[in-house]
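Hi,

Here is the structure I promised to pass on. Have a look at it first, and then read my notes below.

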Amino acid sequence: MYPSDRLYTKDHEWILIAGATARIGITHYAQDQLGDVVYVELPQVGQQFEQGAQFGSIESVKAVSDLYCPLAGRVTEVNTTLAAAPETVNADPHGTWMMAIELADPASASGLLDSAAYAELVK
Amino acid sequence: MNDAPPPARFKTALHGRHVAAGAKMVPFAGWEMPLQYGGITEEHLAVRRAAGLFDVSHMGQIEVAGADALAAVQRVSTNDAGRLEVGQAQYSALATPEGTFFDDLLVYRLADDHFLLVVNAANVESGFRWIREGIAGVGDAAAVNTSSRYALLAVQGPRAIDVVQPLTDVDLAAVGYYRFATGEVAGVRATISRTGYTGEDGFELFVPPQAADKLWSALMSAGRHHGMRPAGLGARDTLRLEAAMRLSGQDIDGTTTVLEAGLGWIVGWDKPDFIGREALVKQREAGVERKLVGLEMAGPGIARQGYGVYAGGGPVGRVTSGTRTPFLEKAVALAYVPAAGAAPGTEYEVDVRGRRVPARVVPLPFYKRPR
């Protein structure tokens, strides 16, 4: 259910690290809790976020939830296809990234969970 | 995330069926109710395009009977129950002496001297007390809380009549909007009411709780080839909002008057007396200072309950309900704004979690079904 190629937060984001950059999305559990996603508010390219800072929000028909940055970094890209097709977050949460960041400290992954620990958290 | 609501105390007669169907169950007004079976969007669209089946057994039933039952209902209900024929229902309010809402309700005339009042789940006990105290001294009339005698199933959508008709000998086409009949549906004794809370045609079926499971099963079988789906409270909320039907405790409550809510049409102005009359007459003469309007977002963002409405940089009102509606695919909201700025086209800003998003007043309802 939760791919082992990436790390997870207790707030239900995933982060897929590739060298000094990383892509960020939300987990299957998060999309299931939210229900039908209708809007994703994303940051601007170039914005800086500390670990745990809010970088955007995600809205479903019934609720809104904040998105938190799993690790500190600077936004290099946002997934603009989400504006027209936010429902892809429900259909493929682990294949749908929201933003890419350049990591402030590529060596650090403190406070994050591996897939087994995350699966245990949401069991 | 919000604080967890208190645990549910009540389960409807169909609880086991919802769980077996994989519904996401949530506590609501003391009941454990299905929020959704699949997704809110698909359930919402099924109701707009075909039909949906809802368990709304959490609604409360209070019956008022006796030689002076009409006078008793006239006392506590704002609308004019004297205009109801036997077999007819009307939307109304239980108003406070200040003209604000204790609750909204449907009033059914079962017989000349017998009325059924259907109130919201959150107000069954308190509503019963409210009504009992309100009618004390009216004469020969008694109120009885009969909620436990009924399960309530709603079949809603353009195909609702096609789903229900094969299961009953009652000629449903002859049952007009806001009219009801009694008869058997799938062998179950039912009050069949052409009412609902979705903005679509449909029927609400009052049946004995012990027969609810049998009826649910028969309706699901009959509805399958019409594209009917079970639908939960999530879709019920988005459907009623698209149709601009007010939600008690949210759009209308003890702080908002019947007139501010735009519901002057449920006030029997010619009735000599009812709780709240004096305040409402006074407000009608003086004019309201604020009004419930429809807003459509003109920028990216979704208004939600409690968000502030701004004009000229300052706060002027608040959103009471809002979402992005699945059928219209627009972010819409109900909000109280100054009465002077309630005309369609008036521009506001909504504070969406620190970001000001433009919105404009649009006519209500947002969605009106084709006839």
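A nonpolar core here is a set of buried Ala, Val, Leu, Ile, Met, Phe, Trp, Tyr and Cys residues joined through C-beta atoms within 7 Å; a residue is buried if 20 or more other C-beta atoms, placed from the backbone, lie within 10 Å of its own. This is a predicted model, in which local features need pLDDT of at least 70 and side-chain atom pairs count only at pLDDT 80 or more, while totals for chains, interfaces and linings use all residues. Residues are numbered from 1 along each chain as its sequence is written, with chains lettered from A and ligands numbered from 1 in the order in which they are written.

The largest nonpolar core has 134 residues, and B:L153, B:A303 and B:V350 have the most contacts inside it. Strand β17 (residues 330-338) of chain B gives the most to this core, with 7 residues; strands (E, at least two residues) and helices (H or I, at least four) are DSSP runs numbered from the N terminus. Beyond its neighbours within four places in sequence, B:A303 is in contact (C-beta atoms, placed from the backbone, within 7 Å) with residues including B:V319, B:A333 and B:V350.

Also in chain B, helix α3 (residues 69-76) is mostly covered, with 7 of its 8 residues buried. Among them are B:L70, B:V73 and B:V76. The buried residues of α3(B) pack against β4, β5, β6, β7 and α4 of chain B.

Now to chain A: 3 helices and 9 strands are found there, running β-β-β-α-β-β-β-β-β-α-β-α from the N terminus on. Buried residues account for 38% of its 123 residues.

Best wishes

Technical notes:
A residue is buried if 20 or more other C-beta atoms lie within 10 Å of its own, exposed if 12 or fewer, and partly exposed in between; C-beta atoms are placed from the backbone. Two residues are in contact if their C-beta atoms, placed from the backbone, lie within 7 Å.
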